[in-house]
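Good morning. I will talk through one protein chain today, so please have the picture in view. I will take the sheet, then the helices, then some single residues.

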Amino acid sequence: MIAPVKTKTVRCAAYTRKSTEEGLQQAFNTLDAQRESCEAYVTSQKAMGWVCLPDRYDDGGFSGGTLERPALDRLLSDIAAGQVDCVVVYKVDRLSRSLLDFSRLVEVFDAHGVSFVSVTQPINTADSTGRLMLNILLSFAQYERELIRDRTRDKAIAARKRGKWTGGIPVLGYDIAPEGCRLVVNEDEAPMVREMFSLYQTHRSLSKVAAELQRRGWTTKSWVTRKGKVHTGGPFSKSTLARHLANVTYAGMVNHKGHHFPAEHPGIVPKRLFDEVQEILAGNLTTGRHKARNKYGALLRGLVRCKACDAAYVTTATRKGAITYRYYVCGSAQKRGWHTCPRPSLPAQKLEQLVVDQIRGIGQDPKLQAETLRQVRRTAKEQDTALAAEEKSLRKKLDAAKAEEAGLVKALAGGDVAPAAVSLRLAQLEDEGSRLATRLAEIAQERAAAADAALCQDDLTAALGLFTPVWDPLYPAERARIIELLVERVEVDGAAGTLAVTFHPTGIKDLAAEVAQEVVP
């Protein structure tokens, strides 16, 4: 009697994959359907000794263009441990869409004597014909993946040219709309962004502004993903501050490879302020140190703007023999041609003298003093409004932090959570509350000090009336300091042939005190 031939058991591992997580929450999803097909195929090969391993190797939400997948890692570990004889998939591209990656996997399979089978395609790597079909199908799978990548890239480019937001991490001042695919202004954060730009416009130093933002306890954007994962913002550094200041999103634009297009979302930083900050950033990057930027002793460095071109004037100089001739040149005219600006170049000495004479003239004309006083008070009111908006935003954050802290304490008292699970968060909330309270106290002091220092007619008369006696004896560096303290902007209207001086709200009063000390023995 002939003994029956004992069939060798072939342990089969069914591997499934889906590129996105859409639909995976359903009771019966595509991963279940793929595994069902693999199990049915293994059952059809029962006579050959095939059995399906109970372990599930499911990668939901992972692309076939990479091998960094948790279930695939487990599968490869079990293969290395000698626990798998055959890998079964519904289609070849479920294992990989990359020909290079698939060849690496096949090498691993061959090294451990593991075969590969596709349920819906005539592929079995146990024979040469199956290997040929595998390479052909993989080539088409990779070609399809590259087509999808190209279509996705082209769609993103077209969307950006139409001003649409194409995704990514939201920045401070904006939130992602509930339906996605567009940005909406965060009214609590927008004033902080404008203040950040104004601080840099004033100080012209990334390190100084970053230090001030850290002192105030301001952080980069905190946001929550659709899955509920919280991303907490961090303190501002020079690099993060520079990225925020250079972000065209704040000007209501979208960027694509250096080209800017009008965006669907509104800008939250005035275009004039944004452009001026970009010019300061570019100047700092080009020339480095402060002394090098003002080596010709420009009295109005960074203060002069062209009204016609809405651009800043930059300082330049030429030499003829032993004489140096200084000029203020319109930055827009430098880039687009001098014919585009009614006053592309201004002699520096003449312009500076006009500004000084105008300041002296205001000090001697009561009507001009009254108009200047109205302008200064209007500027002070705008700054107070910005501080009030910041105060409102910080109070909301402080209330939220206190509410979360109270909730955690209540949960601890009720035994709902373990102390170790919430101790770190409680410490973070305490630190955050302390920072917010400190900044709120500072804002209250700033607003109170601004109210106490409100400019009156006597202050204006004292500052500008005593300007002339102390001006001539000053050294150039001290003159530049006085002008920077006093003047916020000098606007040149080349078409009308006029200029307008805008004063700092508190600078006049400070100057009045300084001038009084100089002239009173």
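Two strands pair if DSSP finds at least two bridges between them. Helices (H or I, at least four residues) and strands (E, at least two) are DSSP runs, numbered from the N terminus. With that in hand, E15 and E16 run antiparallel and are joined by three bridges. In that pair, tyrosine 328 sits opposite leucine 346 of E16.

Some housekeeping before I go on. This is a predicted model: local features need pLDDT of at least 70, side-chain atom pairs count only at pLDDT 80 or more, and totals for chains, interfaces and linings use all residues. Residues are numbered from 1 along each chain as its sequence is written, and side-chain values use heavy atoms, with hydrogens and water left out.

pLDDT is the predictor's confidence in each residue, from 0 to 100. Its average over the protein chain is 78, and 72% of the residues score at least 70. In residues 287-292 the pLDDT is below 50, and this stretch has five contacts in the model beyond near neighbours in sequence; contact means heavy atoms within 4.5 Å. Residues 516-521 also have a pLDDT below 50, with three contacts beyond near neighbours in sequence.

The protein chain has 18 helices and 18 strands. Of its 521 residues, 40% are buried. Buried means under 20% relative accessible area, exposed means over 50%, and partly exposed is in between (1.4 Å probe, protein chains only). Take the contacts between residues at least 6 apart in sequence: 61% of them join residues at least 24 apart.

Now the sheet. In what order do the six strands stand? The order is E16-E15-E14-E13-E17-E18, in an open sheet with mixed pairing. E16 (345-347) and E18 (498-503) are at the edges with a single partner strand each, so one side of each has no neighbour in the sheet. On average, neighbouring strands are turned by 35 degrees against each other, direction ignored.

Moving along the sheet, E14 and E15 (residues 323-330) run antiparallel, joined by eight bridges. Valine 314 stands opposite valine 329 in E15. The hairpin of these two strands, E14 and E15, has two residues between the strands, and glycine 321 takes a positive phi near 70 degrees there. E13 pairs with E17 (residues 487-493) in the parallel sense, over three bridges. Here valine 304 has valine 490 in E17 as its bridge partner. Helix H17 (residues 476-486) packs on the sheet and touches E17 and E18, and its direction makes about 85 degrees with that of E17.

Next, the helices. Two packed helices are described by the angle between their axes and the distance between the axes. Axes are lines fitted to C-alpha atoms, for helices over the stretch in contact, and angles run from 0 to 180 degrees between N-to-C directions. H6 (residues 190-203) and H8 (residues 238-245) pack at about 105 degrees, with axes 11 Å apart. That makes H6 roughly perpendicular to H8. For the wording, angles under 35 degrees count as roughly parallel, over 145 as roughly antiparallel, 65 to 115 as roughly perpendicular and the rest as oblique. Met196, Phe197 and Tyr200 of H6 meet Leu241, His244 and Leu245 of H8.

H8 has another contact, with H7: the two axes come within 9 Å and cross at roughly 100 degrees. H7 is therefore roughly perpendicular to H8. The H7 side consists of Leu206, Ser207, Val209, Ala210 and Leu213, and the H8 side of Lys238, Leu241, Ala242 and Leu245.

Last, some single residues. Most residues other than glycine have a negative phi, and most peptide bonds are trans. Arginine 204 has a positive phi, near 55 degrees. This arginine 204 is in the loop between H6 and H7 (206-216). Is arginine 204 buried or exposed? Arginine 204 is buried, at a relative accessible area of 16%.

Aspartate 310 also has a positive phi, of about 50 degrees, and is not a glycine. Aspartate 310 lies in the loop between E13 (304-306) and E14 (311-320). Its relative accessible area is 24%, so aspartate 310 is partly exposed.

That is the end of my part.
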